[in-house]
Amino acid sequence: MKNIMEMPIIRLNGSSYINDMELKERYKVYNDSCWISLLSLVGNPDGAIVTVDEPVSPLLTMDLEKRLKTALEEDPADFLVVDMCYTAGHRLCVWKDQVFTKNPKFEESRFYAEHQDEMEEIDVMRDRNFDWKPYMDRYLELISKYFDKDHIILIKSRCPKWFATHTHVRKVQKKSSKAYNRRIKELEDYFVEKTDPYVIDIYSHYFLDFNHKKGYTMSSYEKPFYHHARRLVSYIIRYHSYICSYRHFLIFRIKIISYCIGCIVRYRKRSY
């Protein structure tokens, strides 16, 4: 068991939504597998194998070469923090039965330029016929080898009905918000069913931020949201160490944690 005085290590799988929590101020953080859909992080083992033979960003290499397993082995972490924003909101590109996330780095790559005409695009958000579960299952199978349910934290998200400017609150007019919220709920529900993680569910308490530093998107919340979520992640990590050390105080400690954070973090029923 890790010494309680050592700095815990966190790996992020998701989007700017969790990266903006600035967990690196308190922990060692690996974010080299962020900004990639969870559906393409592992990809299809029967699909094409891509080898990068030119200098590219670590983000692009992670997705093209499907290096998540290597990263998990070479840079082990204590906790995995996940969100579904990128997975629900970004398209996938399919090439020779392999899948990639259509993010800016991918679109700027030589690989995309050379094979764009051979690729099929999948609109994950809107395509109701797309069967995403096999891709998610491969991702879940991999992470379960490195993290048990006590070391996985899911940060839930939706596109709220309201956004805030410096002076006003306005109703969100994004036409795609309904499809986005439907898909992200499906992804989150499946993830929870399969992994039974810690869940932080506070999105309904906050507005979108029209003046967000990274732009006005369906997951660009106002600044207090990120501070709140970071504090709850810290509660989970800190008290998990106590739970591991003093299991006979388990029920008492869970009650104390729930009271301290207003029962916003949902704790599972545990059997030891």
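Which residues lie on one side of strand E3 (residues 79–82) and which on the other, and are they buried or exposed? In this predicted model, Phe79 and Val81 lie on one side of strand E3, Leu80 and Val82 lie on the other, and all four residues are buried, with the result that both faces of the strand are covered. In a regular strand, side chains alternate between the two faces of the sheet.

Strand E3 is paired with two further strands. With strand E1 (residues 9–13), the pairing runs in the parallel sense over four bridges, and here Leu12 is found opposite Val81 of E3. With strand E7 (residues 152–155), E3 likewise pairs in the parallel sense, in this case over three bridges, and Leu80 is placed opposite Ile152 of E7.

The chain as a whole contains 11 helices and 12 strands, and of its 272 residues, 54% are buried. When contacts between residues at least 6 apart in sequence are considered, 72% of them join residues that are at least 24 apart. The accessible surface of the chain amounts to about 14,000 Å², and carbon and sulfur atoms account for 49% of that surface.

Notes
Residues are numbered from 1 along each chain as its sequence is written. This is a predicted model: local features need pLDDT of at least 70, side-chain atom pairs count only at pLDDT 80 or more; totals for chains, interfaces and linings use all residues. Side-chain values use heavy atoms; hydrogens and water are left out. Helices (H or I, at least four residues) and strands (E, at least two) are DSSP runs, numbered from the N terminus. Buried means under 20% relative accessible area, exposed over 50%, partly exposed in between (1.4 Å probe, protein chains only). Contact means heavy atoms within 4.5 Å. Accessible areas come from the Shrake-Rupley method with a 1.4 Å probe; for residues, only the protein chains shown count as cover. Two strands pair if DSSP finds at least two bridges between them.
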